[in-house]
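Thanks for taking a look at this one with me.

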Amino acid sequence: MLNNIPDIDAIIDSDSRPELPFDIELRQERFQCQQVLRDLPGRRLVIKALDSAGKAVIIKLFASEGKAQKDFQREIQGINAVKDSEINTPALLATVKEAHGSALIYQFIGNSQRFQLGDSSPERLKLLSTLMLTLHLDGLYQDDIHLDNLLLNGHEIVLLDLGSVKQSNDGKALDKDTSLTNLARLIAQFSLQEQMTLKPLIEMYYHGRGWEYTEDEQQQFTTRLEKVWQKRKSQYLKKCFRPCTMTFYQQNFRWQVAAKREFWQQSQIQSVDDIEALFTDAQILKAGNTATVIRTQMGVLDVVIKRYNIKSLGHALSRCWRPSRAAISWRNANLLMFMGISTTMPLAFIEQRFGPLRRIAYFISEYREAEELLDVYQQRMPTESEVHQIQDIFAGLEIAQLGHGDMKAQNLLLDAKGKVWLIDLDAMREYTNKKQAVMANLQDKKRFLKNWKNPELEAFFRVMLQRQKIRL
């Protein structure tokens, strides 16, 4: 470090990284780093910064050794691959290669947002189709295509992360198999409900390539999309249990922790004792033998902590080798969010351990000021919006082949804005067998209907579930 300004390697190393904001010097110009956008500890870091003139830029930092330099070279290759294409990309302002790491400085694109379908679906479907056609006809594709790499800037899409851009060897248009697999990867980035609205995108793409979109082609693409979707889902869940931009993860002799990285940095939790101390003066939401649930403050967030208690020695022996219910809740909550099914934000799970043996475990989620549906509908009938949301939850679980396992009305919450949330996910199970999934969904419906002692209300919900459909 010169003049107390850290070098690139020091900044990428999360243990030696200074607190934001901090300065970095690249090509004899000083930049003030203000926000971490993506973080792959020890390898790569993406930062929003201000240059010496106070203008916002994006700086992508690469460590000096190992895979980081391969990442850097891939980014350079991607930049060169798209330079003659009509694809919109951020302007490259500078390339830096030093003994202590490398950097790429990009234009910051203001007044932009992560791509989403929004209310202008036809227009945005056309934008997506145009992007994919332009890439593929130029012999290009983004191997790691996802919505965080698609920036909506006015009426155009800007492509980010050029390090994952690949080019066909002959420079001609991509072959059909590669093209459709890449298109399926794009569509798999959307929720299952949204995917059902994307048929016009597929048709536009086929038309642009001069291919017929026959029934056989539709079935083949559906099969391809299912395969890609399952792979993406598996990769996403793995990220919930390993260190990455999204997740802080640590496992040692005393504990296992997985948490949303930003939350964990603010929580200041150093051990299980720190979590247990929060139970002393917290508001108790539930005090049971198997679980204790509290509401408390962690950092700037109002949170719910569910502690899974050990009732006896026999209970401890039966649980110590299996994944804790906290870990199951963490996985399932992240899965629901991935699927686009409403649940409260999962923040962390913590397992107290003695080597490989699990003991007490904790699941932390964001607190929502809300009432249980059972209490709400004793006072009034559901609104049309609430009915649609409940239908969407059941339909989403059915499409995803998930069984909640305890679908009582106390596990569906309604907040002041009229939003319905599904909670208590430690009994939720994913099924690969369709018949078992159908049976699990029927059991969920039966459990839900069992809540309503009022015959009129029970009949209302029975009809509601019979008319269940995905709201598009």
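1. H4 passes H7 in a right-handed crossing, where right-handed means that the near helix is turned clockwise from the far one by less than a right angle, and left-handed anticlockwise. The two helices pack at an angle of about 60°, with their axes 9 Å apart; axes are lines fitted to C-alpha atoms over the stretch in contact, and angles run from 0 to 180 degrees between N-to-C directions. H4 and H7 are therefore oblique to each other, since angles under 35 degrees count as roughly parallel, over 145 as roughly antiparallel, 65 to 115 as roughly perpendicular and the rest as oblique. Helices (H or I, at least four residues) and strands (E, at least two) are DSSP runs, numbered from the N terminus.

2. Who meets whom here? From H4, the contact includes Lys176, Asp177, Leu180 and Thr181, and from H7 it includes Glu217, Phe221, Arg224, Leu225 and Val228; contact means heavy atoms within 4.5 Å. The residues of this H4 and H7 contact divide into seven nonpolar, one polar and five charged. In this scheme Ala, Val, Leu, Ile, Met, Phe, Trp, Tyr, Cys and Pro are nonpolar, Asp, Glu, Lys and Arg charged, and the others, Gly among them, polar.

3. A word on the source: this is a predicted model, in which local features need pLDDT of at least 70 and side-chain atom pairs count only at pLDDT 80 or more, while totals for chains, interfaces and linings use all residues. Residues are numbered from 1 along each chain as its sequence is written, and side-chain values use heavy atoms, with hydrogens and water left out.

4. H7 (residues 215-239) also meets H11 (residues 325-339), their axes coming within 10 Å and crossing at roughly 135°. This pair is therefore oblique as well, and the crossing of H7 and H11 is right-handed. Trp229, Arg232, Lys233, Tyr236 and Leu237 of H7 touch Arg331, Asn334, Leu335, Phe338 and Met339 of H11. By class, the residues of the H7 and H11 contact are six nonpolar, one polar and three charged.

5. Do look at H3 (residues 121-137), which has 17 residues and reaches 24 Å from its first C-alpha to its last, close to the 24 Å expected at 1.5 Å a residue; the expected span is 1.5 Å times one less than the number of residues. Among its buried residues are Arg124, Leu128, Leu131 and His136, buried being under 20% relative accessible area, exposed over 50% and partly exposed in between (1.4 Å probe, protein chains only). The buried residues of H3 pack against strands S7, S8, S9 and S10 and helices H4 and H6. Glycine 139, with a positive phi near 75°, follows H3.

6. Most residues other than glycine have a negative phi, and most peptide bonds are trans. Aspartate 161 has a positive phi of about 55° and sits in the loop between S10 and S11; at 18% relative accessibility, aspartate 161 counts as buried. Glutamine 401 likewise has a positive phi, near 55°, lies in the loop between H13 and S20, and is buried at 17%. Leucine 20 and proline 21 are joined by a cis peptide bond, with omega about -10°, and proline 21 belongs to the loop between H1 and S1.
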